[in-house]
Amino acid sequence: MAEKSKKTEKTHLISVLVENKPGVMQRIAGMFSRRGFNMESLTVGPTENPAYSRITITVTGSEKILEQVVKQMNKLITIIKVRELDEKDAVCRELALIKVNTSNSQARTEITQYVDVFRGSIVDVSSDSMILEITGDSDKINAFAKLMQPYGIKELSRTGITSMHRGPKSVRD
């Protein structure tokens, strides 16, 4: 039975337009906690209109769990619109900062070449480390982090996925 339920689980992207007011995130987090839902990632920021914020939540679960999340979120009074995004119809990005060891000039040269190939940036350099910035989909971030492992990753920080529907539609449509 557990094997069957794992097969029906998938990652869902939920885009939420909310009023930009204190306590909104507390209400959303409280709802997730009360219902036993787990957020895989969460990003939030103001929109083009400062009265609203856009939240992107990544949830792993069945279609039934997604349906419950959407229904419960729609009950919160500060929510303007909740919408599941299909990754094929959305632009999805994540940012990662990775601090790696650079023990010698050869390592610095190799890392710089990898950063160029992945269209990243070197945002800080010290005598024994570099901080690298990579933006892209989660697979790209994972692939780059895997390439950096042999050099020794000192720290890694990821933003979580943020996304937007492609084309003329907006989350309010």
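On helix 5 (138-148), the face turned away from the buried side carries the exposed residues Asp139 and Lys146, where exposed denotes a relative accessible area over 50%, buried one under 20% and partly exposed the range in between, computed with a 1.4 Å probe on protein chains only. The model is a predicted one, in which local features need pLDDT of at least 70 and side-chain atom pairs count only at pLDDT 80 or more, whereas totals for chains, interfaces and linings use all residues. Residues are numbered from 1 along each chain as its sequence is written, and side-chain values rest on heavy atoms, with hydrogens and water left out. The buried residues of helix 5 are Ile141, Phe144, Ala145 and Met148. They cover an arc of only 100° around the axis, which places them on the same side of helix 5; the arc is that of the directions from the helix axis to the C-beta atoms. An α-helix has 3.6 residues a turn, so residues three or four places apart point the same way. The buried residues of helix 5 pack against strand 5, helix 4 (105-117), strand 7 and strand 8 (153-158).

Helices (DSSP runs of H or I, at least four residues) and strands (runs of E, at least two residues) are numbered from the N terminus. The protein holds 5 helices and 9 strands, which follow one another from the N terminus in the order α-β-α-β-β-α-β-β-α-β-β-α-β-β. The C-alpha trace spans about 55 × 45 × 30 Å along its principal axes. Of the 173 residues, 36% count as buried. Among the contacts with a separation of 6 or more, 72% are made by residues 24 or more positions apart, a contact being defined by heavy atoms within 4.5 Å.

Strand 7 (residues 129-136) includes isoleucine 134, which counts as buried because its relative accessibility is 1%. When residues up to four places away in sequence are not counted, isoleucine 134 touches Glu94, Leu95, Ala96, Phe118, Gly120, Lys140, Ile141 and Phe144; Ile141 and Phe144 are among the buried residues of helix 5. The C-alpha atom of isoleucine 134 is separated by 30 Å from that of phenylalanine 32, which lies 102 residues apart from it along the chain.

Strand 3 (residues 52-61) is joined to strand 2 by 7 bridges in an antiparallel arrangement, two strands being taken as paired if DSSP finds at least two bridges between them. A hairpin connects strand 2 to strand 3 through 5 residues. Within this pairing, valine 44 stands opposite isoleucine 55, and threonine 43 has threonine 56 as its bridge partner. Strand 3 also pairs with strand 1 in the antiparallel sense, over 10 bridges, and glycine 61 in strand 3 stands opposite lysine 10. Strand 3 is mostly covered, with 8 of its 10 residues buried.

Serine 163, located in strand 9 (residues 162-165), is buried, with a relative accessible area of 5%. Apart from neighbours within four places in sequence, serine 163 is in contact with Leu13, Arg54, Thr56, Leu85, Val91 and Cys92. Cysteine 92 belongs to strand 5 and counts as buried at 12% relative accessibility. With neighbours within four places again left aside, the contacts of cysteine 92 are Leu13, Glu87, Gly136, Asp137, Ile161, Thr162 and Ser163. The C-alpha atoms of cysteine 92 and threonine 43 are 12 Å apart, although 49 residues separate the two along the chain.

The largest pocket has a volume of about 360 Å³. Of the 18 residues lining the largest pocket, Glu87, Cys92, Asp137, Ser138 and Ile161 are the closest to its centre. On a 1 Å grid over the protein atoms alone, a pocket is an open set of points with protein on both sides within 12 Å along at least five of seven lines, and lining residues have an atom within 4 Å of a point; grid points are joined across faces, edges and corners, and the volume is the space filled by probe spheres set on the points, the probe being 1.4 Å. Strand 1 (10-19), strand 2 (39-46), strand 5 (90-101) and helix 5 each supply at least two residues of this lining, of which strand 5 contributes the largest share, 5 residues. By residue class, the lining divides into 5 nonpolar, 6 polar and 7 charged residues, where Ala, Val, Leu, Ile, Met, Phe, Trp, Tyr, Cys and Pro count as nonpolar, Asp, Glu, Lys and Arg as charged, and the others, Gly among them, as polar.
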